[in-house]
Amino acid sequence: MISFDEILEKNIKTGWYQARTLSIIGLQEFCAGLEYLFMSILMTILKEEWNLSQNQVALLSSIFLFGVVLGNFLCAFLADIIGRQITFIIFSGLSVILIFYTSFCDTYKEMIILRFLYGLTFGTLNPLGYVYITEITEAKYRGRFSYALTLIYILGKIYFVILCFIFLDDYTSGNWRGLIRFNGIPITIAFILSILYLTETIRSHLSKGEYEIALNLINQQITINGNSDLLLCDSEKNGLISWSKQQKVELQQEEINIYGILSQEYRKVTILLWILYILTNFQEMTIFLLLPFLLQNNNSGFLPMLALYIIEFIFGSILYNIIDDAKYGGRIKIIAYSAITLIFSNAILYLFRDKYLYLALFLTKIATRGLFATICIICCESYPVKIRSQGQGIAQAIGKIAVLPSPYLLIPLYFIDPYLPFAVLFILAIVILAIDCFFKQDKTQQHLEILKNE
């Protein structure tokens, strides 16, 4: 027998097919980066332009997150049922429509509905990117390709801040309608390219017993990558089919169809991932909500924010280079590095306040990005193909559900003391470091799927 990971390493290899798919999925992640930042700034603008109350601002944020949560659940089951490719095409198309429609919105009630619907499409697409990239890359590059989505996410933020110089006057006023139209360009390109070039993952076809389709796709990808002399022979085809059938037998024995990600085999890692997602989401939500207010209070323009994201990208590139290095990086170590950085940065923010504001914000942002990217990778690597999108989607949903009420906690705390929320985050960062000690499985440089007797 021969596993798909062996076929991937010896025949398909890494080439134009993986780069093309990463580019398409990456455009969605690019849009995700600018969308989160746009939502944060939009709240401060609409608060002034539409004369919104604190509760209305909080609801605007919460309804978007509620849509994201429902989208995460939708991805959890839809992508495993109808496939990764169809799910991506449908919801990237809906995103295009909603983004451009939002630019014409002129009432608070309409904005609430549009933000909820966009959150739904956004939440469906967001977990899917890591699932897609995990399933098409070799073990030795899997972490880097997945982490590349995080770097693209940061580039989306840089793109957004550059647009802020053009469209906005400051954090509270400007042409936000023109801004959101430009924000729609990346996802529009992703939607068009997904129709033309995106294919279903081979692992998905194998898990459904669609062996002929899977074998044809393998040879197609081998050709795209310029390895036509490595097309599958009959023994490799038969070996892969036998391996896939044996894997299905093992999954049936684990009773995955009954218990899913909470089956005995995966229950512990599922709970640990849920806790990590909750804590990391709370860290990110605080920055998401408070960053524009903190910068505005310090009379900062958009230039410090731009510098913040450029430096974040540079340091993110360092993590990109070590995430597949078991000696210096690896999944579990990077979570530990990130947690320690958060402990340090949150302590600085609470104790020294605006004195070291930019340094502490920068450290917080790179640590949070490192956490999210690494947890997403671990989540995809912890489950078999049959429940991979279920594991990723539900974990992200659980993480966001826990922080849905956070605007109602963080914004009042901010108005009591702008740096009080970071005292809470300091404690949560210590918990993240403790939770990391319980992870035993690290698939850095290891095959994604193996049989038990292997």
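Glu 381 counts as buried, at 3% relative accessibility; buried here means under 20% relative accessible area, exposed over 50%, and partly exposed in between, using a 1.4 Å probe and protein chains only. Its side chain meets that of Arg 331 in a salt bridge, 2.8 Å from N to O. Glu 381 sits in helix H15 (residues 357-382) and Arg 331 in helix H14 (residues 331-352), so the pair ties together parts that are 50 residues apart in sequence. Arg 331 is buried too, at 0% relative accessibility.

A quick word on the model. It is a predicted one, where local features need pLDDT of at least 70 and side-chain atom pairs count only at pLDDT 80 or more, while totals for chains, interfaces and linings use all residues. Residues are numbered from 1 along each chain as its sequence is written, and side-chain values use heavy atoms, with hydrogens and water left out.

**Salt bridges**

Side chains of opposite charge can pair when their charged atoms come close. The rule used here asks for a side-chain nitrogen of Lys or Arg within 4 Å of a carboxyl oxygen of Asp or Glu, and by that rule the count comes to ten salt bridges. Here are some of them:

| Pair | N to O distance |
|---|---|
| Arg 203 and Asp 5 | 3.0 Å |
| Glu 135 and Arg 84 | 2.7 Å |
| Glu 381 and Arg 331 | 2.8 Å |

Take the bridge between Arg 203 and Asp 5. It links distant parts of the chain, with Arg 203 in helix H8 and Asp 5 in helix H1, 198 residues apart. Both of these residues, Arg 203 and Asp 5, are buried.

Then there's the bridge between Glu 135 and Arg 84. This pair also links distant parts of the chain: Glu 135 belongs to helix H5 and Arg 84 to helix H4 (residues 84-102), 51 residues apart. Glu 135 and Arg 84 are buried.

Which residues join up in a network of salt bridges? They are Asp 5, Asp 80, Arg 84, Glu 135, Arg 203, Arg 388 and Glu 449.

**Ser 204 and helix H8**

Ser 204 lies in helix H8, residues 202-207. (Helices are DSSP runs of H or I with at least four residues, strands are runs of E with at least two, and both are numbered from the N terminus.) Ser 204 is buried, with a relative accessible area of 3%. Leaving aside residues up to four places away in sequence, Ser 204 touches Arg 84, Glu 135 and Val 385, a contact being heavy atoms within 4.5 Å.

**Helix H1**

In helix H1 (residues 4-12), the buried residues are Phe 4, Asp 5, Ile 7, Leu 8, Asn 11 and Ile 12. They cover an arc of only 165° around the axis, which puts them on the same side of H1; the arc is that of the directions from the helix axis to the C-beta atoms. These buried residues pack against helix H2 (16-49), helix H5 (108-136), H8, helix H9 (211-224) and helix H10 (234-253). After H1 comes Lys 13, whose phi is positive, near 60°.
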